[in-house]
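Thank you all for coming; I would like to take a few minutes to walk through one chain, going from the whole fold to a handful of single residues. Please have the sequence and the model open while I talk.

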Amino acid sequence: MKRLSFALAALVLAALPAAARDTLTVYTYDSFVSDWGPGAAIKAAFEKTCDCEVKWVALGDGVAMLNRLKLEGNETSADVVLGLDTNLTAEAKDLGLFGPHGVDVARAHVPGGWSDTTFLPYDYAHFAVVYDTETMKTPPTSLDELVTGDASQKIVLEDPRSSTPGLGFLLWMKSVYGDKAGERWARLKPRILTVAPGWSEAYALFTRGEAPMVFSYVTSPAYHMVEEKSARYQAAKFSEGHYLHIEVAGLIEASPEKALARKFLDFMLTPGFQNEIPTRNWMLPAGDMSVPLPDAFSTLVRPDKPLLYTPEEVRDHRRAWIDEWLNATK
């Protein structure tokens, strides 16, 4: 009789639905969750630390994510937003959606240090013009040489209205040329092959040979050196300095999974996340790693002068500077 009771109990338990796992919805950009990006490995590593599932939602590029949040407002389904950069954080805070991350900021390692209690960095790199050494023997050594150089040697840029690299190049131009930026955009126009909506589209055109230059990162050549054993693509070092790009993540204050979101942000600065950044996101880590950087990273361009506007300066002037770019290049 006792054996029969156990058997019936087992059948009843087997018929019950499995307990639902908590789901953490993370908005991010396309390349982060691409086949070669870090998304899959980070998802697997974090899920080992919790009874949860990470759901990535890819939304193009960083500026596109901010635009999506503006549309969704309090109805957003995001718990975490990963892939904005410091050029967008003041504008993102103004939405009133983000809450304090609760992570010790001393654990974040980026140029200039970190003090923001709303957004937390997970990687960084300086922007750069990357060129094809097989089709361009004499790359520009300054932003001025890029602007005034041979118009037959084209560059692929990204749209500053939808792309964080695109916005980065616009800010680079503005930080170097100031009030003359519109004139310099007009002078550069003949060298622009196209303005792609995001980095992935722009870099694909470049590697297909559509243009000898693309706007990317000083770290981009490391991908080709490590994965393809090729030094064909290199970053040009510019005498005026290079604009700094720091990528960040933040949690949605109204998220029903806020505790899990904080756990994810804490995990973000550990080796389980950071080990994937150099050779999957091809950026520099903003937290502790348990493995050394590949040797290729020691050969990369090291800018002498980092350029960076404050988040508030970008928030206050982004629209006007984009209008200046549109008027100069139409």
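What you see is a predicted model, in which local features need pLDDT of at least 70 and side-chain atom pairs count only at pLDDT 80 or more, while totals for chains, interfaces and linings use all residues. Residues are numbered from 1 along each chain as its sequence is written, and side-chain values use heavy atoms, with hydrogens and water left out.

The chain holds 13 helices and 12 strands, both taken as DSSP runs numbered from the N terminus (H or I with at least four residues for helices, E with at least two for strands). The radius of gyration is 22 Å, close to the 20 Å that the globule rule gives for 330 residues, so the chain is as compact as a globular protein of that length; the radius is taken over C-alpha atoms, and the rule is 2.2 Å times the number of residues to the power 0.38. Along the principal axes, the C-alpha atoms fill a box of roughly 90 × 45 × 35 Å. Of the 330 residues, 53% are buried, where buried means under 20% relative accessible area, exposed over 50%, and partly exposed in between, with a 1.4 Å probe and protein chains only. Among contacts with a separation of 6 or more, 77% are between residues 24 or more positions apart, contact meaning heavy atoms within 4.5 Å.

Now to the helix pair. The axes of H2 (residues 39-47) and H10 (residues 258-268) come within 11 Å and cross at roughly 115 degrees; these axes are lines fitted to C-alpha atoms over the stretch in contact, with angles running from 0 to 180 degrees between N-to-C directions. From H2, the residues Ile 42, Ala 45 and Phe 46 meet Leu 260, Lys 263, Phe 264 and Phe 267 of H10. By class, that contact has six nonpolar residues, no polar ones and one charged, with Ala, Val, Leu, Ile, Met, Phe, Trp, Tyr, Cys and Pro counted as nonpolar, Asp, Glu, Lys and Arg as charged, and the others, Gly among them, as polar.

Which residues does the buried Asp 123 touch, leaving aside its neighbours within four places in sequence? Asp 123 lies in strand E5, has 0% relative accessibility, and is in contact with His 245, Ile 246, Glu 247, Ile 277, Asn 281, Met 283, Leu 284 and Ala 286. Ala 286 comes up again with Ala 108, from which it is 178 residues apart in sequence and 5.5 Å apart in space, C-alpha to C-alpha. Ala 108, in the loop between strands E4 (98-99) and E5 (120-132), is buried at 8% relative accessible area.

Finally, two backbone positions deserve a look. Most residues other than glycine have a negative phi. Lys 229, however, has a positive phi near 55 degrees, and Trp 282 likewise has a positive phi near 55 degrees.
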